[in-house]
Every structure is written in C-alpha cells, then in structure tokens.
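Subject: Structure handover

Hello,

I am passing the structure on to you, with notes on what was found in it. Please keep it open while you read.

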Amino acid sequence: MKAGEIADLVGGALAGDRDREIRRVADLETAGPDELAFADGERALALAARSAAGCILLPEGASLSRQTTIAVPHPKLALIRAAAALHPESPVEPSIHPTAVIAPSARISAEASVGPHAVIEEDVKIGPGTSVGAGVFLGRGVEVGPRCRLYPRVSVYPGARIGSGVVIHAGAVIGSDGFGYVFAEGRQNKFPQLGRVVVEDDVEIGSNATVDRGALGTTVIGQGTKIDNLVQIAHNVRIGRHCVIAAQTGISGSVVIGDYVAMGGQVGVGDRARIEDQAMIGAQAGIPTGKRIPRRTVVWGTPARPLAEFKKIYAHLSNLPKLADKIRELSSRASRKRG
Amino acid sequence: MKAGEIADLVGGALAGDRDREIRRVADLETAGPDELAFADGERALALAARSAAGCILLPEGASLSRQTTIAVPHPKLALIRAAAALHPESPVEPSIHPTAVIAPSARISAEASVGPHAVIEEDVKIGPGTSVGAGVFLGRGVEVGPRCRLYPRVSVYPGARIGSGVVIHAGAVIGSDGFGYVFAEGRQNKFPQLGRVVVEDDVEIGSNATVDRGALGTTVIGQGTKIDNLVQIAHNVRIGRHCVIAAQTGISGSVVIGDYVAMGGQVGVGDRARIEDQAMIGAQAGIPTGKRIPRRTVVWGTPARPLAEFKKIYAHLSNLPKLADKIRELSSRASRKRG
Amino acid sequence: MKAGEIADLVGGALAGDRDREIRRVADLETAGPDELAFADGERALALAARSAAGCILLPEGASLSRQTTIAVPHPKLALIRAAAALHPESPVEPSIHPTAVIAPSARISAEASVGPHAVIEEDVKIGPGTSVGAGVFLGRGVEVGPRCRLYPRVSVYPGARIGSGVVIHAGAVIGSDGFGYVFAEGRQNKFPQLGRVVVEDDVEIGSNATVDRGALGTTVIGQGTKIDNLVQIAHNVRIGRHCVIAAQTGISGSVVIGDYVAMGGQVGVGDRARIEDQAMIGAQAGIPTGKRIPRRTVVWGTPARPLAEFKKIYAHLSNLPKLADKIRELSSRASRKRG
C-alpha cells in the first residue's frame, strides 16, 4: 500500500512522499522504511522525530519536517484502520479435520472450519465463516453464530449460545456450573445449575477465562463487550454492551453491569452488586455485595469509593504517622496545662 | 411430578392444587405454570405474590392466597431436593470412545465412560459410574473413584488420587508441580516436587482451577469441600471437610485449613497460615504468612482483621480527612494561645 | 545411593553410617530409614532429633547424636542437589504418537517426543530432548528449543519462540492476543495484536498461566525466570532474568521488570510500571500505572509503599479508633475552656 492510499483510507492529510510503499504497522521505536507507526502525546512525538518509520500517523496540528506523515484526528484509531487493510485476517478455509469428532445431528456450515481433535456434540450449530480451533469442545445443543473464532482448547458446556463475530481465546471455559451451595445436614448441598449462557455479537473473551451458566436463569455477556484473560464471570451475571473488563477480574453471582463500563484488572465484584452505565472501576477495587455504583462514577479501592474521596483518604493515610505525633503533642501539652 | 408429590418429597405443607403438574425448577421471575420456584426473604415473598410459577416453596409461616405453595423450614434447600427429582442427572452410559488413547495397564470399570480424545496413561484406575470427558488427560497411576464427573480438558498429573463422587470442571489442572525455588549461584534452583494430591470424596473443583501436588508430602482437599473457578491451591496445602472457597482465591504452600471454612473470592492466604474450623474469610482478604485465624472467627481486609475491628477502622478511615482538619484546628488554636 | 556418596555429592561432612542406603528424599516428618531429609532452623532441628529419616542434611555447626547426618552450608540446596541424583528425570523417549496431527513442514528432532492428540502446525521446529505432552497445540511457526517439557493441553499461538530447558505446565496459554481497544464510534476497536512472545532458556511457567504476545513489539520472559500458576502476563511486558512471580499475579501491558525480582501472589502491576532489579513486591500489592519501583526496594500494599512505611501506616491504622477518641477528647476539652 502506498502512503497516499493509507491517507485516503484513514481520511488524513499527507505530508511527504505519497508513493512511499508501506507493508506493515510497527512500533515507533522499531519501525523501518516500509512500516507505518503512530505518535500521540509529547513523548511519542519527540520519539517520532527520530523514528525510521516509512510513514507516521500524527494528531492534527502536529508536523515533522523530515518524515512522511499523515495528520488525523485520532492517530491510534487511524493505525487500527490501516492495520486492518495492511494485515487482513486470513479468511477461514472451509474444512473439517478428519480427526474431529462430530455428532451426526450437528449442523456445521459448509463455510466453517473445524480443527483437529475438536469434539462437537449432538445438535450443535456452527455458522458460516466461523473457525473452531484444535481440541475445542462444544457440548450438546451449543450454537455458534457466523464469523466467530474459537481458539484451541476452548470448552463450551451444553446449551450455550454464542452470537456472531465472537472471539474466544485458548482454554476459556463457557457455561460451567455456577458456585452455589446451601449448607445443611453437615454438608454443602449444590443448588441446581441448569441455566444458560448467552454471549452476544462481537464479544471477545480472553485465554483461560471462565463464564458460568445461570443457575436457573441466564448469564449474559452483552454485545461488543471485551473480557481479558483469566476473568471469572459467575452465574446469572448480566453484562451490558461495549464494556471492557481487564485481566483476573472476578464478577460474583447475579451482578448486573450496564453498558460502556470499564473495569481494571483484579477487580472483585460481590454478589448482586449493580454497576451502572459508563462507570469506571479502578484496578484491584472491591465492590461490596449488593452495592450500587451509579452511572459515570469512577471508583477505586476496597471497599470501592469515588476516586476523589479515595485519593483524599489515601493522602491522609500517608500522613497518619505525622497526625498521630501531632495528637500526642497536643495531648501532652493539654495534660501539662492541667497539671 | 405433581405438586403433592413434591410436598411429600420435601416434607412440606401444601396449600392449593395438589394435582398441579410440575416439570422443572425455575426462577421466581420467569417461572411458568409447570415450574417450581422458591421464595425466601421479604423481597422474594413480594415477588412471589405476582409470580406465575405453578408451585412455590415458602418458609413456614408464610402464605400466598392465590397460588399453590408448599411451606417448608428451608425453601432453598427444598428446591435443591425437588430439583434432584425433577432434573435427575443423566446416568453415565458406559462406553469408551474409539479416539481415546488408553494404556494397556489402565483398569477402567466396565460401567465408566471415557470421552473422545481422552488420554489415559499406564496404571490408571477408573471406578464405576465415572465419566471422563473429552480430551481429559490422566497421568500414570492416577486413581479416580466411582461416580466422578471429569469435564472436558481436565488434566491430572501422575499419581493423583481422586475419591468418589468428585466433580472437576473443564480445564482444571490437578497435581502440577508446586512453586518452590532456592536462589543460589545466580539462579533459581527448583525444590523437588515429588509429592501427591489427594482429592477426597464429594469434592467439586471449578473450571481452570489449579491444585499443585505436594513437594515431598501430600496436598489434600478434604471431603465435601467445594472449590470455585480459577482458584489456586499450592503444594502441601491441607484443606479440611465441607469448606467453600470462592473464585480466584489463592492458597499458598503448606497452609492448613480446617473443616467448614468459608472463603470469599480473591482471598490470598500466605505460606503456612492456619485457618481453623468454621472461620469465615471475606472476599479479597489477605492472610499473612504464618498467621493463625482462630476457630469461628470472621475476618476481613488485608492484612485480615476480625470483622468488627475492620468495620470500625474503615469507618474511621472515611473520616480521616475530617479528623485531620480537627487536628489542624486544635493545633492552631493551641499555638495562638501560646502566642 | 549410600549416605557417603550423597555427602561427597553435596560436599558435606558426614557423621554416622556412611553405608546407609538412601533411595528417596522425603519430609522430616514422614521420612523413613531409606530416605533423606533436611533440617534448617530451630523448629526443624528439634523435629530432626525425633525423625526416623535414614540421613539428614544439617546446617554446618549443628549435630545430632543418634542419626546419620551430613553438615552442609545450605541444607535445602543440598537436598535439591541430592534429589536430582536420587530422582533423575526420566529421559525423553523419542517418539511421535500416531494420533498427533503434524504439518508436513514441521521439523521435529528425532530425539523429541510428541504425545497423543498434539497438534503441530506448519513450520514449527522442536529441538532434541523436548517432550510435547498430550493435546498440546503449537501454532504455525512456533519454535521450541531443546530439553523443554510441555505438559498436556498447553496452547502456543503462532510465531512464539521458546528457548531451551523451558517447562510449561498444563493448560498454560502462550502468545494469545493482548487486551487493547480504542473506544470510538460507540464501540471498542481492537488495536492490532501482531507481535510475538519470546520465552528464554530455563523459564518455568505454571498451570493455566497466560502470556500474551506483543501488540506490535515483543513480550519477553527472561532467562531462568519462574512463573507460577494462573499468572497473567500482558502484551509487550519485558521480564528480566531469574525472577520469581507467584500465583495469580497480573502484569499489565508494557511493564518492564528487571533481573532477580521477586513478586508475591496476587500482585497487580499497572500499565508501563517499571520494577527494577532485585526489587521485592509483597503479596496482593498493587503497583500503580507508570510507577517506578527502584532497585532492591521492598514494597507492600495498594498502592505499594516501601515496607517500613507500609508497616508504620498499618500500625497507626489499627490505632485509628483510639486516635479519633483522643481527638474528640482534646476537642471537647478545648471547647469547655473556651466556654
């Protein structure tokens, strides 16, 4: 692709060599003469001035004298667009590997691919353009929509429904039993775990993440939501659309999460908490059982507090030894006076 | 099943239509005329009054005028009993899938089932009524008792012993090497990890959980203990009977946990800590290395403290900015007096 | 092996029966007459005096009157050396299981072993003495060096490079896509995840751990570093040599970690943080985004602070209710005076 074509694709203003041949996207630091990079922020722009990249995406208003550049409103987003053109995903080659074990009643699109040692049980449906990786397990009645990508060793328990364009990374488990017990007669009695999981369109789920099915109802992961590695989603959780949930976060049973929620890594959310639209939860925060986090709130810490409050308390926390000294001083002065 | 039969089964008092046909258990919110639900607590009872459920389990003393109900001492437990009758687990159909790879010396009960692509090494024993899922790996000498259910892609390292009635969810790893190194001569030297894992009867282990074998001794998970998804159990840990350990909790090496202990999610327990019978550990708590948590204690926070103390401190923590203001005020007043 | 041979091997001073036959290493508590144990520290030495172990490794200066002992500078390290001789790893028997699916262009050493149901894609290279476990997936172009051990169900995405002597435990995923999105036009747009993973020599990676490949650059795990179960390593992370990272720790994108760093369990490290050589990070600590932890520093807590500071603050935290009482008292006394 020529630099000029990329500028047209991303709707940017080119400065420099319009015919420069670009083959790949790369980091500013390592990019070479046939690579496209992006720079945003002061530090990156300084780096960009010394970069050997063949072409650099810049924020509007910025410029570099010696390089071929494309000015755009959002350089990182423009890189995403350009990368999609420079590195198109290899199309799924329809095929069913002879070592896959497929139940006779499974309906697999003629345009899907099923990898070696996959196991596909009765009544499974797989849509066109979907690739099912090596060793994937799809339990009885699972439905997988079109254009999904299931990486190796994904396990999907019976009855789960997966929309279109869903990506599930290696080792993730979808639809396992929720964790619910009633203690009686000296032992833990398992509450029935008979519900389902629905993973809506364009969701991405990270490696070795786990999503439990509903106990009696349904666990839902809303459209466009992105879930990182090793995240745990418990039974009956309902997550809205276009959320991002970073690695190792755990969402307990019956939690409700709105749309456009962002959660840092290692967050813990207690049973039945409610996190409203566009809330942001800082890494390692703990949301107590039943707690409501209002729309657009930014919270931090355990138990989670609004960010401003959290910052104030933690500043005082650092001062605690000095405060204690001060109190001792005041106290002894008061005693002396009394004496 | 008729409502009257369910009432007999759970030992409850029926009010309403004894012949009502019930096919399934369901949530109060979604239950229809052929479904059984339960209600406990004020909010649920209000919901129950408007529920379309064919039959509702209620706590003794409660009643609903227009519905068929069964009054019992413990409605949720009664639902568990009824669900066991309405949704009996499908019996294991004895079979060995032709794609499973089974060592000649393995002894598999004629009443067990082994799924596609399972790999069963030398000297493994599998009891009757046990189902081994697709792609499960059982290393040399592993013993699995009767009536166990190993879901797809479970990996069990050589020598582990698994009791009867044990459930292990997809992707869990049992018996991997513990994490022990001695730093010397500029590198980490691995301590021998030669011990075993014993998983006692009626244990349940969640998806992608990991349980390491003992270094020289044995890692033990006691009878009836339930372990959620993504939990880590390190080498030489000994967990007692009928504990519940929620998702993403990590138990470090040589920790000893008593019976009937309950642990929230994302708890961290340091090396050689001791948690005594019936202790409760709040979510995200951190138990320091070597710490003892006495019998029946409820602890919370990092480092973990008794709940009452934790609550008091955290209440004051919120007040810290105000306390600091107060001190400043007292201090300046004191100075003025001196002046 | 005779006790005398072990003493020679570990360079220690034998006292007692030089011809004592030793077959295994064991715990002090359970060791029998043909087993070797070690004792270090007061408690262990007291235990050692009553141990039935056939031979005990002791620190120089210690002695036991009735047992065969070997005095060495570092008993635990000596046990590691002795265990290597008493329990030699079984050599890899070269073989390729007939159920493994291997692309024609893969180059597998004649001295490697490939287990049942492994899947090895185009252009993979596997070195001599390496064993690839049951159901392992190696994507296109993966290179695995000599003397590695990949346990069952490990998944390695295309292009990853694994050095020599690397151990990867069951279910670990190497090289999955990083978690990077740009929110625009009402949805999360995925940043290209096209980079690689390099796992250097002698690294060990725990069960169900996840290591993402670089977005555009490379994720590197340095020589001799040991990573425990369920750890998450995000894209573009660079970890130095001989680090130890305990279970369930999460390292966010572009973090740089030096050499000989030790991290407790459940630590969270924010994006682009820098942890310098020989730093120690306490369990459950949280390192904020972009934070630098200087060389040799020991930090604790969230947000992480130097250990001494952390201890002081937490001591005062426990005193907070008393401090508050004191302030109230001072305050009311001050008011009374004014009145």
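A salt bridge is counted here when a side-chain nitrogen of Lys or Arg lies within 4 Å of a carboxyl oxygen of Asp or Glu. By that rule, there are two salt bridges between chain C and chain A. One of them joins Arg81(A) to Glu185(C), where the closest N and O atoms are 3.1 Å apart. Please note that this is a predicted model.

The interface between chains C and A

The contact between these chains involves 62 residues of chain C and 53 residues of chain A. The size of an interface is often given as the accessible area lost when the parts come together. For chain C and chain A, about 4,500 Å² is buried between them, and 64% of that is on carbon and sulfur atoms. The count of residue pairs in polar contact between chain C and chain A is 27, with both residues at pLDDT 80 or more.

On the side of chain C that touches chain A, at least two residues each come from strand 19 (173-176), strand 20 (181-184), strand 21 (187-190), strand 24 (210-212) and helix 4 (307-338) of chain C. Helix 4 of chain C gives the most, with 11 residues. Sorted by class, this side of chain C has 28 nonpolar, 23 polar and 11 charged residues.

The sheet in chain B

Chain B has an open sheet of 10 strands, paired in parallel, in the order 7-10-13-16-19-24-27-30-33-36. Its edges are strand 7 (101-102) and strand 36 (286-287) of chain B, each of which pairs on one side only. Strand 36 of chain B runs parallel to strand 33 (residues 268-269) of chain B, and two bridges join them. In strand 36 of chain B, Ile287(B) is the bridge partner of Val269(B).

Asp177 of chain B

Asp177(B) sits in the loop between strand 19 (173-176) and strand 20 (181-184) of chain B. Is Asp177(B) buried or exposed? Its relative accessible area is 9%, and the cut-off for buried is under 20%, so Asp177(B) counts as buried.

The side chain of Asp177(B) makes a polar contact of 2.6 Å with the side chain of Lys190(B). Another polar contact, of 3.0 Å, joins the side chains of Asp177(B) and Arg213(B). Leaving out residues up to four places away in sequence, Asp177(B) touches Tyr157(B), Lys190(B), Gln193(B), Asp212(B) and Arg213(B), as well as Tyr151(C), His169(C) and Glu204(C).

Regards

Conventions:
Residues numbered from 1 in each chain as written. Chains lettered and ligands numbered in written order. Predicted model: local features only at pLDDT ≥ 70, side-chain atom pairs only at ≥ 80, totals over all residues. Heavy atoms only, no water. Pairing = 2+ DSSP bridges. Helix = DSSP H or I, 4+ residues; strand = E, 2+ residues; numbered from the N terminus. Buried < 20%, exposed > 50% of the residue type's maximum accessible area, 1.4 Å probe, protein only. Polar contact = N/O pair within 3.5 Å; in protein donor to acceptor, adjacent residues only side chain to side chain. Contact = heavy atoms within 4.5 Å. Buried area = accessible area lost by both parts, 1.4 Å probe. Nonpolar A, V, L, I, M, F, W, Y, C, P; charged D, E, K, R; others polar.
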